[in-house]
Each structure stands twice: as structure tokens, then as C-alpha cells.
Amino acid sequence: MATVIKDLIALIALLCVLISSNAELLKRRNTVDINIDASATGKTLSNMASNVNVWDMGTTFFEPDPEQENNVFEFVKYVQLMQCTGGTAQRDLFIDPYDTSTYTDYDFSRLIKNCRGILTLGAKPHLKLGGVPLKFTSGYELGNFEMNMYPPDDYNLYYDYIKAIAQALSDEFGADEVLTWRFGCMTEYENSDWFMAKSKNPEDSAEAFCKLYDYTVQALVDVLGDNVFVGAHSMSVTEGLWDEALFIEHIARGTNYANGGTGTRVCFLSASFYDSQPGQFTLGKTLPETIAYLRNTAESFGLNNLIYGIDEGRLLCGNTSGANDSQLFNRTVGFTWQAAYDARIYKQGIDSGLDYFSSWGYLSNGLTDGYPTVSYHVAKNLSEFSDGAVAHTSLTPNRLGKDVEVGCVSVWDEHTATLHVMAYNFKNDIDYDGSVELNFALNIPQLDGKNVSIKRSLVSDECNYFDEWQQDRKEYDIGDDCFSWSPDDPCIDNTTTLSDAAARELYYSTLRSKYIEASRLIPVTESAQVVDGKLKISETLGASNVIFYEIKAAG
């Protein structure tokens, strides 16, 4: 009997140990240990949010009010004017785009006005030269983007046109100023919807674009000099009509069609990167694969030290369709899920050596007007990382949910003696609702013994108007048919998103003012002491939330 009791006691003790162990395992579920060493730094980080796109040459640029909140040009440095010199009667810079009796009836006033507006904002133009004006192509055809998709009949005429544009800009703004701008040749050059030879043959189309690029660059160089900043934008995320490696090899060591020399000046290579919709990643290359393909190809041909960018991207469509389309006007969704999506692609870009990821806009009306989206909050906070050195960061996840991704980027800025940290909780599911426990162990010997301030900026539903908007849509019966494109888009101010007249009247008269307040991100500052160079922070991070810390000496 004593033996039985003894064995029973041993069994109970074992069960207690197992229960205790399981409790500890359960306690450690959905946690991530994050170790950051600010003394071990690497590359200097560029401003990943430095570029925005503008499609419509009719965009009005207003001088920002110094007291205006949410001025994106506090961090946006370049405005890309897409296809700004031709391809349709509205974009061709001529008095009469159809008059083929003359090819020099230039009218550059719209382009000059746009460039002046961009400068007024405190940014610089990035001019995507193209497409080919209608009158330069006999028998032109419009592609799926309603633009001339064929090359010019006479490349010398096209050279004269681009040279005249460069000269007009130089005369208006001064050559020294224009040399601080950026120039591109076409948009997604291997995309047959934008550009191809009349034969529609891939090899002919590659040759036609290489020729167009050479004559474009030569025209710029002949006016502005050899230091002009120029490059080209491919799709790359998915396969085009021809392989962009043909173009990259040509500019590296091919015979220049415009001057007969070897190679052509190039300063940057950029691509597009679009996922299909929330919950559905692209079937093409991932973002790291897209960047790696361009970089590896360029470096294999001896093109080193180029800048690499994403010139357009994020999401093509929402999960809900409007009356006419499921496309997203701003290529983002308004849900807080977008915040973690953006943080994730920024981190992927940083890890892959990307220099910038351009956006179609950050505000409720796109670029220069409206209240902030969650994409704005992420971009603005991340822009403060620029010029800092990436600090060594390692993550140890503990039993995260299926397909949950937690990521972290940290930067030490020696100029301001500040450690910046960004972390996110992402799953490619717009209905994801799981939280994670983050345990930060920071090594900051630069701040040893100091009292520090920790500014905490949380991007969540608390600084997003879109959850209130979803509730109001139900209350006021604003259905999907009140939208032209996807209702998931955050640009409620724009008629491409919210198109119904009655719904717009209600929005402006009753709802919009509260969304302005709901979109404010209010940081919280705490104090702590760095002891032996160490600091610990714990954070419960909600689904799709992004947390930013700014840690520096107090006072």
C-alpha cells in the first residue's frame, strides 16, 4: 500500500510539473522577443516615403499653409508626373496635337505650371518623359491605357521634342535647378499596354524602347549636361512583352542609337509592385525578388551604385466592388490592416536595399488635400528614420498564429543620438484580430546612465477614421452602389470613390468633421533610465497595428 501511495504522489508531482510547463507555454504563446543592438549598425537608411505619383497633368498644386496639419511634403521630396509629355491629345505638348504639317508648335505651359507647383510645395519634379505624341506616329493605336503605344516614325523628331522641353525647363527654372530634378523614360517600358513596336514583336519592341531611351537621354544631356539624373521604370514584378535584361544590357554595353558610343547614362532603375488585393498576394515576384532581379542584372553588366525604387504599387483592387469597378483609386484600403501592410513592404524594401517606395497619396483626397490615412501615419513616422544607420535587430517568435508575421526595423541616428524603432503585427487577412506580446531588449550604450524619453506612436483604429466610416455607412445606408470604384478605398473625398450625390452631401455636411478628429495620431511620451546600456520595453500589439518608438536623452 505504501508503495502505491508513493507512486501516486510521484505521479501527482509529475502532473503538476507538466501543468506548470504547459501553463508557461500557453503564457508564451503569441509572443516575440526582439533584441536591438544600437552599437552594431550597418547601412544608412534612405527616406523610403520620399516619392509620390501624380497621374493627371491637370492636378492643381497649392502652396502649403505653414499651419496646415498633415503636410505630406514634410517628408515627400519628389513628385512623379507620370507620362507627362505625350501619348494622348491631352498630354501632347503642342498647340494642335493632330496637325502633322508642323512638328514644332510646342506648348510647354502645362508642364511648366506643374513643375512650378511642385517646387512651391517644397518638392522636386520627377518627370516621366513619354509617351510618344500622336503626331509623331503614323497609324498610331491606343493601348489599354488609352495612350499611343507605338514608337515615333522619326527618332530625330522625338529627340528635338525632348530637347526643346529640356531647354524650356532650363530657361524657366535655370539649368542648376533642373539638374536637381529626376527624369525617367516612359512608364513600365516592357508592358505592351504602354509601349511596343508596330510589329508587336518582343525583340522589335525591346529595340524600339532602347532607341527611345537613348534619344531621350541624349536630348537631356545636350541641354543639361552629363550630370542629369535619369533612368527607367519597368514592371518587373510580373513578366512583360520582353525581358528588361535586354534593356539593362544595352545601356551597360550596347551601341548607343543616338550617338554611336557604348552604353547610355543611367542613374536609377525602378519597378512596379502591386499585390492583387487584401488577402491575395501577387502571383508574380515578391518585392525582394523584384528588387533583386533588377539589381543583380544591372550589377552583372557592371552597373553599380544605382538607385533602386518602386515607382508605383501597393494594391490593385479592394475586396468589395463599387458600381463600376473593384479597383482602388489610391491603391490602398482604408482599414487599419493597411498600416501593417505598409510597414511590412517598407521593411522588405529596407532589407532588400530599396531606396524608395512611391505612393499614389496619403490623404483622404489623395495628395495635397484631406485628413490622414493610416498610410500617412506609417510613412511620416518612418521618414524620421532616414539618414540613420540600421541597427542590428533579431526576433525570436514564440508560437505565433498561422501566417502571422511580426517584423521590426530599428535605426540609430548618431546626429540626434536617437534610437528609432518600428514594429508591426501583420497577417494577410483583413479580418485578422489576433494580438501579440512584444518584449524588447535594447542595448543602447550611447545612452548609458541617462534618463530617456520614449515617444510612443501607435497606428491603430484609434487614429483611423475608416472604422467610424464603416459604422456610419451602415447607419445611413450608404451601399456599395454609392461608390464608382471600390468602397474599400480611403479617399472618400474623391468622386472616383464616393460618387453618389446624396451620400456626398451627407458626408460633407454631417460626417467629415468627425473623421478629421478620428484620424489624429497623438503620441504618448514616457520616461525611463538606461542602466548598463540596457532598456526593456513590453508592448501588446493589436492586429494590423504598427508601433513606433523614438528613444533619446530626456531634456
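**Notes on the model**

1. The largest cavity has Asn381, Glu384, Phe385, His420, Lys455, Ser457, Phe548, Tyr549 and Glu550 in its lining. Its volume is about 50 Å³. On a 1 Å grid over the protein atoms alone, a cavity is a set of points where a 1.4 Å probe fits but cannot get out, a pocket is an open set with protein on both sides within 12 Å along at least five of seven lines, and lining residues have an atom within 4 Å of a point. Grid points are joined across faces, edges and corners, and a volume is the space filled by probe spheres set on the points.

2. This is a predicted model, in which local features need pLDDT of at least 70 and side-chain atom pairs count only at pLDDT 80 or more, while totals for chains, interfaces and linings use all residues. Residues are numbered from 1 along each chain as its sequence is written, and side-chain values use heavy atoms, with hydrogens and water left out.

3. Strand 14 (451–459) and strand 17 (546–553) each give at least two residues to the lining of the largest cavity, and the largest share, three residues, is from strand 17. Helices (H or I, at least four residues) and strands (E, at least two) are DSSP runs, numbered from the N terminus. By class, this lining holds three nonpolar, three polar and three charged residues. Here Ala, Val, Leu, Ile, Met, Phe, Trp, Tyr, Cys and Pro count as nonpolar, Asp, Glu, Lys and Arg as charged, and the others, Gly among them, as polar.

4. How many cavities of 30 Å³ or more does a search of the whole structure find? There are two. The second largest cavity, with a volume of about 30 Å³, is lined by Leu269, Ala271, Thr290, Ile291, Leu294, Tyr308, Gly309, Ile310 and Leu354. Seven residues of the lining are nonpolar, two are polar and none is charged.

5. The largest pocket holds about 1200 Å³ of space. Of its 39 lining residues, Trp55, Phe329, Arg331, Trp360 and Trp485 lie nearest the centre. Strand 2 (51–54) and strand 7 each contribute at least two residues to the lining, with the largest share, three residues, coming from strand 7. The lining has 15 nonpolar, 17 polar and seven charged residues.

6. The second largest pocket has a volume of about 350 Å³. Its lining counts 20 residues, of which Asn70, Tyr376, His377, Lys380 and Leu521 lie nearest its centre. Helix 9 (374–383) gives the most to this lining, with four residues. By class, the lining divides into six nonpolar, seven polar and seven charged residues.

7. Helix 8 (residues 337–351) and helix 9 pack at an angle of about 35°, with their axes 8 Å apart. Axes are lines fitted to C-alpha atoms, for helices over the stretch in contact, and angles run from 0 to 180 degrees between N-to-C directions. Gln338, Ala339, Asp342, Ala343 and Tyr346 of helix 8 meet Val374, Ser375, Val378, Ala379 and Leu382 of helix 9, contact meaning heavy atoms within 4.5 Å. The residues of this contact comprise seven nonpolar, two polar and one charged.

8. Nine strands form an open sheet with mixed pairing, in the order 15-14-17-12-11-10-1-13-16. Two strands pair if DSSP finds at least two bridges between them. Strand 15 (524–529) and strand 16 (534–541) are at the edges and have a single partner strand each, so one side of each lacks a neighbour in the sheet. Neighbouring strands of this sheet are turned by 20° against each other on average, direction ignored.

9. Strand 11 (residues 405–413) and strand 12 (residues 418–426) pair antiparallel over nine bridges, and Glu405 has Phe426 of strand 12 as its bridge partner. Helix 8 packs on the sheet, and its direction makes about 120° with that of strand 12. Helix 9 also packs on the sheet, touching strand 12, strand 14 and strand 17, and its direction makes about 30° with that of strand 17.

10. Strand 1 and strand 13 (residues 436–443) pair in the parallel sense over seven bridges, with Leu438 in strand 13 the bridge partner of Val32. Strand 13 and strand 16 run antiparallel, joined by eight bridges. Ala441 stands opposite Lys536 in strand 16.
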